[in-house]
Amino acid sequence: MQFSSKAKLLRTVSNNRAAEQNCLSLLQVCTSLSHLTQIHCHFLKLGLQNNPLVLTKFTSTSSNLNAINYASSLLFSSNANNNYNYNIIPLSYDAFLFNTVIRAYAQTGSHSNHTAIYYYKLMLEYGVLPNKFTYPFVLKACACVGRLSLGEQVHGFVIKMGFDNDLHVLNTLVHMYGCCKGGIGFARKVFDEMPDSDSVSWSAMIGGYARLGMSSEAVGLFREMQVSGVRPDEVTMVSVLSACTDLGALELGKWVESYVEREKVPKSVELCNVIIDMYAKCGDVDKAVNLFRSMSGKTIVSWTSVIVGMAMHGRGLEAVSLFEEMKENGLVPDDVVFIGLLSACSHSGLVEEGWRYFNSMLEDFGILPKIEHYGCMVDLLSRAGLVKEALDFVQKMPIEPNQIIWQTLIAACGSHGELNLGESITKQLIRNEPMHEGNYILLSNIYAKKSHWEKKTRIREVMEKKGMRKIPGSTMIELDNEIYEFVAGDQTHNWYKEIYEMVDEMGREMRRAGYLPTTSEVLLDIDEEDKEDALNRHSEKLAIAFALLKTPPGTPIRIVKNLRVCADCHSATKFISKVYNRDIVMRDRNRFHHFRNGICSCNDFW
């Protein structure tokens with residue numbers, strides 16, 4: 001009798017294992033949701049609804065089929081633990097099962113990251129202990145959510161669970177902190193205190209700096225990475241090139257590209273796209289086009305990068321031609337391509353083409369215009385001097401205009417003499433958004449242009465009381481692989497005396513060539529002589545003077561301005577290019593300006 005019972009038990013175990021292997025095999029080859037539901041019914045009939053291996057594989061397969069919600073509803077429905085339903089009990093839940101669910105939601109998309117965090121909390125409530133594989137998924141979800149306090153809580157559990165020495169967990173911690181507002185300092189602290197590091201660690205930290213616009217820090221850390229002997233990977237190079245793009249550091253970007261070639265870093269389509277984008281946004285759009293032409297496996301991002309590059313350089317007709325070529329190659333344009341295309345029309349004064357492409361979005365491609373597309377149209381009309389038409393367009397928009405659109409319209413009012421209209425719009429903006437400093441600056445500038453100095457002073461006093469301050473204009477220049485930054489009236493550089501002597505010389509030479517300062521650009525209640533002196537201290541002129549001192553005659557000069565170049569500096573740079581026989585490439589907030597022999601590529605349409 002005893003032998004018979006034992007044999008029966010062995011047969012049952014053997015049958016269960018066979019059934020388990022059968023289900024696992026079926027799940028391994030499952031390729032559709034309908035097939036998945038059939039397998040679900042199959043393992044219920046076999047009584048495997050509590051089998052951890054089957055449940056985990058079922059969840060993983062659901063994730064691969066973009067059906068994780070189907071699996072989680074089975075596993076965690078409100079009735080899941082009732083005997084009359086699926087009879088799944090908490091004992092069936094283990095770390096591997098939860099990890100599979102958390103990973104699936106963390107990889108599904110931005111909206112699912114909250115769900116991933118929810119299941120991590122549920123895991124803790126059920127008393128299932130996370131393992132070292134849990135936290136990279138959870139921290140990735142925290143990074144996408146971007147809540148620093150949440151990330152800090154998870155970090156606390158990492159330490160409590162004893163995983164604060166695990167390299168993969170620490171790498172994801174660096175990434176998480178680098179993605180959260182206010183977390184970059186914590187990211188660097190974790191990075192600096194890591195007992196070991198690899199290329200992923202360095203990439204995470206460099207990427208964090210690059211995302212926040214801390215491009216100098218990103219480049220500096222990359223140099224430290226080279227000294228440390230850690231070999232960078234493709235992800236590292238994408239971040240470094242993005243930092244070069246932000247800085248406008250063409251020579252550094254060229255060096256990074258040569259480094260990619262020399263070290264045989266795999267050149268994925270993403271990396272090729274970033275290299276193209278770097279050249280386009282650092283001033284060498286022809287090189288960007290050549291790389292694009294030689295590239296295999298072009299994506300919509302590849303085409304967009306070149307079209308946007310053409311837009312920034314004021315080569316609108318070429319951008320339009322490239323867009324038509326893209327369509328002929330069978331690529332369907334998306335909303336991002338149209339932003340670049342409309343921007344190209346705007347920077348080149350192609351009003352009719354801009355209207356045609358704007359209408360084509362919905363009519364030909366079913367793309368509903370977003371706020372960015374409306375903004376491009378307002379910019380297009382404003383640059384063309386069609387201020388009243390731009391205002392009418394804004395008032396008829398089916399969506400609420402944002403701050404950028406209003407600022408574009410107000411700036412156009414200032415540029416084209418519609419000061420009363422600009423004042424009226426700005427006052428309404430301040431009533432609607434009393435804590436936005438940009439509105440006060442716009443109104444202050446309008447009062448200055450109308451010579452209403454007392455009103456301008458009152459606006460500045462209000463800003464000071466509210467703790468608001470204007471972003472100072474600055475200009476960067478790259479020389480000998482170093483980035484130098486200047487602000488107006490800058491005296492912090494070692495060469496500042498020589499720089500100001502060169503500025504004075506530039507002024508004398510330009511006047512001989514016919515230059516007259518545009519003193520209307522100085523929005524201060526001072527006399528003409530002081531206005532001219534203030535113009536001479538603008539950051540663009542200081543950077544150009546430094547370049548004239550430090551580079552051989554005839555060498556091109558490349559500078560990057562963080563704001564829009566003022567009319568006087570634009571005029572002065574044309575004269576400088578002619579007097580000193582220099583090609584000068586200036587990238588401002590809106591576009592590129594190529595100055596040669598007294599002429600700018602924008603034809604004063606900037």
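A crossover counts as right-handed if, with the strands pointing away from the viewer, the path from the first strand over the helix to the second runs clockwise. That is the case for β3, helix α30 (residues 567–579) and β4, which make a right-handed β-α-β unit. Helices (H or I, at least four residues) and strands (E, at least two) are DSSP runs, numbered from the N terminus. Keep in mind that this is a predicted model: local features need pLDDT of at least 70, side-chain atom pairs count only at pLDDT 80 or more, and totals for chains, interfaces and linings use all residues. Residues are numbered from 1 along each chain as its sequence is written, and side-chain values use heavy atoms, with hydrogens and water left out.

Strands pair if DSSP finds at least two bridges between them. β3 (residues 557–561) and β4 (residues 584–587) pair in the parallel sense over 4 bridges, while β1 (residues 474–479) runs antiparallel to β3, joined by 3 bridges. V560 has a partner on either strand: M476 and R587 in β4. β3 is also mostly covered, with 4 of its 5 residues buried; buried means under 20% relative accessible area, exposed over 50%, and partly exposed in between (1.4 Å probe, protein chains only).

## Helix α18, one face in

Now for α18 (residues 316–328). Its buried residues are G316, A319, V320, L322, F323 and M326.

Turned away from the buried side are the exposed residues L317 and E328. Just after the helix, G330 takes a positive phi of about 90°.

## Salt bridges

The structure holds 20 salt bridges, each a side-chain nitrogen of Lys or Arg within 4 Å of a carboxyl oxygen of Asp or Glu. In one of them, E224 pairs with R188, the closest N and O atoms being 3.9 Å apart. E224 sits in helix α12 (residues 215–228) and R188 in helix α10 (residues 184–192), so the pair ties together parts that are 36 residues apart in sequence. R188 and E224 also belong to a salt-bridge network with D192.

Another, between K254 and E251 (3.7 Å, N to O), stays inside helix α14 (residues 250–262), its two residues being 3 apart, about one turn.
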